[in-house]
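Please read the sequence and the structure shown here side by side. The report below takes up a few places in turn.

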Amino acid sequence: GLDRGAKGQISTFSSFISAVSPKKEAAENRSSPAHLVFPNIKNVRDQPPICLDVRQKQRVSMDASSCEMKAPVLPEPILPIPPKTMKDFQEDVEKVKSSGDWKAVHDFYLTTFDSFPELNAAFKKDATASFNTIEDSGINAKFVNAVYDTLLNTPQDIQKTVLKGIINSLLREWKGPRTKDDLRAYFILLQNPQFNNTSTYVIYAHLLRQIATLVEADHHFLVHWFKKQYSRLSQKRFKQLVERLLQFISLRLFPAKPEEFPPITKCSWWIPSAAKVLALLNTANNLVHLPLIPYTDFYNSTLDHIDLMEEYHTWQNFGNSHRFSFCQYPFVISIAAKKIIIQRDSEQQMINIARQSLVDKVSRRQRPDMNMLFLNMKVRRTHLVSDSLDELTRKRADLKKKLKVTFVGEAGLDMGGLTKEWFLLLIRQIFHPDYGMFTYHKDSHCHWFSSFKCDNYSEFRLVGILMGLAVYNSITLDIRFPPCCYKKLLSPPIIPSDQNIPVGICSVTVDDLCQIMPELAHGLSELLSHEGNVEEDFYSTFQVFQEEFGIIKSYNLKPGGDKISVTNQNRKEYVQLYTDFLLNKSIYKQFAAFYYGFHSVCASNALMLLRPEEVEILVCGSPDLDMHALQRSTQYDGYAKTDLTIKYFWDVVLGFPLDLQKKLLHFTTGSDRVPVGGMADLNFKISKNETSTNWLPVAHTCFNQLCLPPYKSKKDLKQKLIIGISNSEGFGLE
């Protein structure tokens with residue numbers, strides 16, 4: 001969801017984004033464009049001044065006819081002339097090459113961009129059709145692209161003509177109800193590449209505001225038009241549209257030449273308008289089965305340099321009221337910035353809890369102990385799981401304090417290494433197949449919750465707590481959960497106050513099942529696409545069977561399911577119920593314990609900013625490796641970066657295929673993933689191991705340290721390194 005408030009409130013705009021469904025309301029606030037100032041454009045006709053106050057506009061039914069919805073126009077409206085075809089336009093452009101006369105092309109631009117009716121007359125596929133449908137905008141997108149591609153290569157007077165026409169069009173249309181033809185005009189103008197230039201930003205800002213203040217039903221149309229148009233055309237153009245808006249926000253925040261823009265006090269609506277239009281594009285992107293561009297392409301790295309906590313506190317205190325905050329639009333905030341917000345929020349919670357503990361001690365006239373400021377874990381290696389569970393249960397009030405681990409009977413001060421070792425050993429033991437809590441699926445290389453019933457699910461709660469502690473203590477865990485696990489973990493993102501509300505339940509599809517059990521998902525997909533008689537060929541009922549401790553148990557997917565046959569008519573229902581049973585119902589108690597464990601540590605409104613994919617990155621790190629970045633940030637002990645052995649090492653590692661690079665990272669850090677902050681956050685160190693060069697390299701995963709003997713040749717180093725990283729566990733066996 002977008003536009004989310006501190007207490008979970010959803011604004012009207014956000015509810016549209018979430019539901020993407022047209023609604024009819026009685027009235028809608030519409031902002032009036034401010035007085036226009038257009039740099040580098042001369043002889044713009046005088047327009048009546050327009051103030052910044054908000055006025056009410058009567059909303060109109062989507063089913064109303066175009067003539068009834070038409071906004072008032074200037075006293076002498078210009079009727080659209082018969083439009084040129086794309087072929088006609090291209091022929092005019094070709095003639096320019098030989099004659100040098102731009103008149104025909106100039107006349108086309110002059111007429112087309114002078115008003116919304118002219119824009120529609122020029123680019124509609126059928127001038128007589130209404131095209132009031134969600135799936136078809138009725139726009140000849142190829143013609144639009146051809147006109148804009150040509151525009152950038154035309155003389156300056158033509159480009160200024162287009163901008164003047166847009167100004168006139170916007171000023172004519174701002175005060176009336178919107179028709180579908182108006183929406184098409186906005187849709188066309190938004191793609192104008194001239195808006196890459198800062199000199200056009202004033203015009204661009206007013207266009208964005210008019211789009212942002214459209215009624216919800218109109219936004220619904222625009223979202224689906226974006227989804228449909230760009231799924232058929234180049235994804236590159238969609239990305240350019242997003243990048244243009246992100247650049248607009250960045251340059252308004254940090255202008256290279258402040259004199260190019262009006263004072264920020266007079267255009268405070270620029271960034272909120274751009275953010276709302278970005279929200280429409282983001283929603284369109286998410287509606288496509290395979291997104292047009294990665295969600296990370298909506299990140300604005302410029303926001304990493306603003307006061308993020310001020311944005312967060314504004315969002316917490318004012319929700320989605322008149323105070324704008326980028327946290328209302330979390331899709332533009334990078335995962336690195338979100339991590340900063342979560343960590344600082346957690347640090348503040350840690351400080352508050354520690355301070356309260358100190359106050360309680362003093363009030364009881366007891367001597368304060370520095371250990372009370374930490375979550376101190378004392379565990380035995382021989383009873384690691386049970387001791388950890390007991391400690392976390394007893395100290396559940398201290399979970400938000402800084403974690404420190406002590407292994408009983410071992411001397412040592414935890415400076416981070418013991419904490420990481422505790423995580424590594426505990427995760428390895430809990431996720432071992434013999435332990436029975438999780439099932440490892442070789443086909444998908446991931447773990448999933450065991451559906452075995454038991455009397456106590458506290459150990460699943462322990463795993464959730466571990467994941468939460470890892471996020472709060474910046475530890476990357478070597479856990480392989482499928483993406484739908486993190487989707488369930490954010491369902492809902494905040495623990496509901498009503499304990500009867502189910503948690504960890506989300507809508508799932510065969511695609512989610514495929515990420516865990518690809519063979520079963522493939523079989524269900526074949527059932528859905530089977531062209532024969534499903535009842536006779538598959539002979540299935542709405543009943544499933546599961547093995548639990550050697551005993552086969554049956555479960556009905558619906559009441560009386562064992563007596564209901566799966567047919568061509570009800571097979572979709574069967575597949576949906578089966579998928580929901582496997583991923584939700586059969587493991588509900590296990591996952592609910594896991595959910596409450598995670599949120600007992602990470603309970604924060606900051607979680608509402610995260611996508612499921614981002615939670616996974618916070619817990620497990622990013623799979624994208626950059627070994628050159630690792631080389632730049634590596635520290636050395638006993639070696640210098642100019643030593644021959646180090647040069648051999650990096651020549652070998654940079655030449656490794658990806659699988660060996662991942663093995664090296666896993667060998668030295670305990671995980672083959674990268675922290676959110678990148679390779680620099682690993683604090684990777686190479687130390688000189690003064691041993692025989694016949695020895696293999698050694699790693700201390702608790703400190704991300706590789707101990708490397710001074711090998712004399714690159715061949716010898718490569719051979720020993722590959723042997724070491726490929727046989728570091730289980731004597732080379734899985």
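## Basis of the report

This is a predicted model, in which local features need pLDDT of at least 70 and side-chain atom pairs count only at pLDDT 80 or more, while totals for chains, interfaces and linings use all residues. Residues are numbered from 1 along each chain as its sequence is written, and side-chain values use heavy atoms, with hydrogens and water left out.

## The chain

The chain has 28 helices and twelve strands. Helices (H or I, at least four residues) and strands (E, at least two) are DSSP runs, numbered from the N terminus. Of the 734 residues, 51% are buried. Buried means under 20% relative accessible area, exposed over 50%, and partly exposed in between (1.4 Å probe, protein chains only).

Contact means heavy atoms within 4.5 Å. Taking contacts between residues at least 6 apart in sequence, 73% join residues at least 24 apart.

## Two helix pairs

Two packed helices are described by the angle between their axes and the distance between the axes. Axes are lines fitted to C-alpha atoms, for helices over the stretch in contact, and angles run from 0 to 180 degrees between N-to-C directions. Angles under 35 degrees count as roughly parallel, over 145 as roughly antiparallel, 65 to 115 as roughly perpendicular and the rest as oblique.

Helix H9 (residues 201-212) packs against helix H12 (residues 270-287) at about 60°, and their axes are 8 Å apart. H9 is therefore oblique to H12. Their crossing is left-handed; this term applies if the near helix is turned anticlockwise from the far one by less than a right angle, and right-handed applies if clockwise. Residues making the contact include Tyr201 and Leu208 of H9 and Trp270 and Leu280 of H12. By class, this contact of H9 with H12 has ten nonpolar, one polar and two charged residues. Here Ala, Val, Leu, Ile, Met, Phe, Trp, Tyr, Cys and Pro count as nonpolar, Asp, Glu, Lys and Arg as charged, and the others, Gly among them, as polar.

Helix H17 (residues 458-472) and helix H23 (residues 588-602) have axes 7 Å apart and an angle of about 30°, so the two are roughly parallel to each other. The crossing of H17 and H23 is right-handed. Among the residues that meet are Phe460 and Met467 in H17, and Phe594 and Val601 in H23. The contact of H17 with H23 divides into 13 nonpolar, five polar and one charged.

## Thr154

Thr154 is in the loop between helix H6 (141-151) and helix H7 (156-173). Thr154 counts as buried because its relative accessibility is 6%. Its side chain reaches the backbone oxygen of Leu151 at 2.7 Å. Apart from neighbours within four places in sequence, Thr154 is in contact with Trp102, Tyr109 and Gln159.

## Backbone exceptions

Most residues other than glycine have a negative phi, and most peptide bonds are trans. Which peptide bond is cis, with omega near -5°? The bond from Ser491 to Pro492 is, and Pro492 is in the loop between helix H18 (483-489) and helix H19 (510-514).

Asn683 has a positive phi, near 55°, and lies in the loop between helix H27 (658-669) and strand E10 (685-688). With 47% relative accessibility, Asn683 counts as partly exposed. Asn704 has a positive phi of about 50°. Asn704 lies between strand E11 (698-700) and strand E12 (705-708), in the loop, and counts as buried at 10% relative accessibility.

Note on methods
Polar contact = N/O pair within 3.5 Å; in protein donor to acceptor, adjacent residues only side chain to side chain.
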